[in-house]
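Visitor: Hi, could you walk me through this one while I look at it?
Guide: Gladly, ask whatever comes to mind.

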Amino acid sequence: GFLSYFKGNGVNIIKVVPHNAIRFQTFHLYRQWLNKLGYPTQSLPNKFIAGGGAGISAVVVSHPLDYIRTQLSLSTNSHKSIITCFKEAIVPDKAGAPVRVYGNLYRGLSAAVLAAAPQVAVNFTTYETLKEIEIAYGLHTKSNVNSSNISLFLAPFNGAASGALSMTILYPLDLIKRRMMVSQDVKNTKGISGVLRIFKETTKREGWSGLYKGISAAYLKVIPAVSISFFTYELVIR
């Protein structure tokens, strides 16, 4: 039924809170550290490197929840719960085999990190750069780039633009991450070698366009999500 569209949404909500909190907080921490290392706050390297670091920090912490969400959304068992998915992830495949918490809950992490670092870097760099351009043209009430001075009206548009750009550039890595998560071939879908394997298999079977399969649905999700995320952030810190 209609509610099947919301399968896994509960764990997604649980994931989003720490993920976004870590992403925004570490971004500003990394910018301060980079500023002390000689990279001015308004410089492109400062924004890009801090964004990449924030993306990695957030995905490492929240990836297990992302894995469980993916399993729930694909499961045909309507009674499957978060706890059930977690238990299945840590139970050995065979009797006497070692428990592989890392190998299961963190399946697809390499692709997730490869996607998150540049994706969040592009997000924050685009967003902060648009803010600076708007301030230069007098579209904000004050003449500096503090987050508290940005017009709330423009925040969601800046967020939408940054989300669309990052998704367009980096969607293939997100697709590879999902395929690694759901693959039954655990042995051959680990690490960078797993990323390359999925990449080769996808392009061989589906062509280069296969790397962008489902991107229209991703746009419908990511653009409003990033837009609302930045708007909420600007609203909260005022």
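Visitor: Are K131 and E234 buried or exposed?
Guide: In this predicted model, K131 is buried and E234 is buried as well, where buried means under 20% relative accessible area, exposed means over 50%, and partly exposed lies in between, using a 1.4 Å probe and protein chains only.

Visitor: And how do the side chains of K131 and E234 meet?
Guide: They meet in a salt bridge, with 3.7 Å from N to O; a salt bridge here is a side-chain nitrogen of Lys or Arg within 4 Å of a carboxyl oxygen of Asp or Glu. K131 lies in helix α5 and E234 in helix α8, so the pair ties together parts that are 103 residues apart in sequence. Helices are DSSP runs of H or I with at least four residues, numbered from the N terminus.

Visitor: Which residues are linked with K131 and E234 in a network of salt bridges?
Guide: R31 and E128 belong to that network together with K131 and E234. The side chains of R31 and E128 form a salt bridge at 3.5 Å, N to O, and this pair links distant parts of the chain, since R31 is in helix α1 and E128 in helix α5 (residues 109-136), 97 residues apart.

Visitor: How many salt bridges does the count come to?
Guide: The count comes to 8 salt bridges by this rule.

Visitor: Switching to rings, how many aromatic pairs are there?
Guide: There are 10 aromatic pairs, where rings of Phe, Tyr and Trp (its six-membered ring) pair if their centres lie within 6.5 Å, and planes under 30 degrees apart count as stacked, over 60 as edge-to-face and the rest as tilted. The ring centres of F24 and Y233 are 4.4 Å apart and their planes are at 10°, so this pair is stacked.

Visitor: Why does F24 count as buried?
Guide: F24 counts as buried because its relative accessible area is 9%.

Visitor: Which aromatic cluster does F24 belong to?
Guide: F24 forms one aromatic cluster with F27, F124, Y127, F230 and Y233.

Visitor: What about Q42, where is it found?
Guide: Q42 is in the loop between α1 (9-36) and α2 (44-74), and Q42 counts as exposed because its relative accessibility is 51%.

Visitor: What should I keep in mind about the numbers?
Guide: Residues are numbered from 1 along each chain as its sequence is written, and side-chain values use heavy atoms, with hydrogens and water left out. Because the model is predicted, local features need pLDDT of at least 70 and side-chain atom pairs count only at pLDDT 80 or more, while totals for chains, interfaces and linings use all residues.

Technical notes
Helices (H or I, at least four residues) and strands (E, at least two) are DSSP runs, numbered from the N terminus.
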